[in-house]
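I opened this entry to keep track of what I looked up, in the order in which I looked it up. The structure comes first and my notes follow.

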Amino acid sequence: MQRLLNLGAKAISLAPLQQPSTWLCGRANIRKASTYKAAVLREFGQDLQIEDIKRKKLQGNQVRVGVHSCGVNASDVLMIENKYDKKFNPPFVPGFEVCGEVLEMGKEVTTMAVGSKVIGIIKEGLGGYAEECIVSEQDLWTVDHAVSFDSGAALVDTYATALIGLNRRAAVNEESTVLVTAAAGGLGLAAVDLATSVYKAKVIGVCGTEDKAGLVRQKGAWAALKYNKKHIDAKVNEVTDGKGVNVVFDAIGGDTFVDCLSWVCHEGTVVVAGFASRVIPHIETSILLPKAVSLVGLSLSHYQQANNAVYRQVVEDVIDMHEMSLINPHISARFNIEQTAEALDFLRQRKSTGKVILELR
Ligand SMILES: NC(=O)c1ccc[n+]([C@@H]2O[C@H](COP(=O)([O-])OP(=O)(O)OC[C@H]3O[C@@H](n4cnc5c(N)ncnc54)[C@H](OP(=O)(O)O)[C@@H]3O)[C@@H](O)[C@H]2O)c1
């Protein structure tokens, strides 16, 4: 693993320029059209409208991406409901995790070519629920044509977050025991996949149903069980000889977070990765003292701002690991643009496992 993380192998300037696909033979025609289809939120509380949007001119460092697939994320739901910590004012087109092909580039763009397959993370401007979107070069990564558009759109946000949490912040290795909450969700399943497939750690996954637990076991978890404090206490004791797990990776928050503190071992680490429960827990910090627990918070978007080199590298690493078939995002449902409301409801109702994808082309 060390080799991968130190490689910096596909530094963006070294990425091979890829050949335009046959799809792009019609590029001239596509570019003549001045509009494209998008799902637009006009007002908070209303459904997204499918509209024809006028194409904007590119700035020098921008790339026009023909979006084939876009991840539908828990954060999208929060943004659409005006409950996300960063505010987006309607009208806007949601969606920040895209995979597609380069249609057009600004004059300053040097690291890709028309036709390159790319993954983009566009948390600043959004716009992914659309047939095309504009992305800064620095928020794009080229990816091998063998990677499917759906996998490309399902890969980066969750796996890069999990990789920073597990590897950079919690130093998980093959000796580690790791408990993952919301283990069948997008972020949780990525954490399970990385911890087991890449770091060979012993993982306990916790999730909502027996079916979901089956999927978490299939992804490589040593054990997976439904939320039940007593049962989880017993499993943690059994797997760790009563010591507690080295690392807890929590994406639920609320009361579950408080339970997480009881499952971690002496000098263990709890990674605060998300709040699927929408409840941000408040604790007395004295609770951390008896077991010398480290609490680690992380947000991928803040890494983009605070340490862009790590952000770029971690996404490169995730793409490399996927191209080497070490990790593979699970996709539970695919929807088209007309079904955007259904896709969001699927997520809201906790029916999804792994990722949900909107297919735009
Ligand atoms: N730190 C970061 O940079 C980062 C990156 C990505 C995501 N996140 C955050 O991490 C959290 C999970 O994201 P995700 O992509 O895994 O979402 P997801 O795919 O929707 O999965 C979340 C899972 O959480 C579980 N859950 C437990 N209690 C819940 C509740 N009260 N309401 C809804 N779900 C509940 C559900 O699984 P069960 O039915 O099995 O309980 C659900 O499937 C979100 O808060 C998201 O914003 C943070």
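**Notes on a helix residue, the domains and the ligand shell**

I began with Leu347, which lies in helix 11 (residues 340-348); helices here are DSSP runs of H or I with at least four residues, and strands are runs of E with at least two, numbered from the N terminus. I kept in mind that this is a predicted model, in which local features need pLDDT of at least 70 and side-chain atom pairs count only at pLDDT 80 or more, while totals for chains, interfaces and linings use all residues. Residues are numbered from 1 along each chain as its sequence is written.

Is Leu347 buried or exposed? I noted it as buried because it has 21 C-beta neighbours inside 10 Å; the cut-off for buried is 20 or more other C-beta atoms within 10 Å of the residue's own, for exposed 12 or fewer, and partly exposed is in between, with C-beta atoms placed from the backbone. Setting aside neighbours within four places in sequence, I found Leu347 in contact with Val72, Ala74, Val77, Ser352 and Val356, where contact means that the C-beta atoms, placed from the backbone, lie within 7 Å. I also looked up Gly185, which is 162 residues from Leu347 along the chain, and found their C-alpha atoms separated by 9.4 Å.

Next I turned to the domains, whose bounds come from an automatic or database domain assignment: domain 1 (2-155 + 303-359) and domain 2 (173-298). Their centres, taken over C-alpha atoms, are separated by 29 Å, and eleven residues of domain 1 are in contact with twelve residues of domain 2.

Where does the shell around the ligand lie? I placed it between domain 1 and domain 2, because both give residues to it. Of the 28 residues around the ligand, Gly185, Gly186, Gly208, Gly274 and Ala276 come nearest; a residue counts as near if its C-beta atom, placed from the backbone, lies within 6 Å of the molecule. Helix 3 (74-80), helix 4 (149-169) and helix 5 (186-198) each supply at least two residues of this shell.

Last, I checked helix 10 (residues 308-323), which has 16 residues and reaches 23 Å from its first C-alpha to its last, close to the 22 Å expected at 1.5 Å a residue, that span being 1.5 Å times one less than the number of residues. Its buried residues include Tyr311, Val314 and His322, and just after helix 10 I noted that Ser325 takes a positive phi of about 60 degrees.

Conventions
Two residues are in contact if their C-beta atoms, placed from the backbone, lie within 7 Å.
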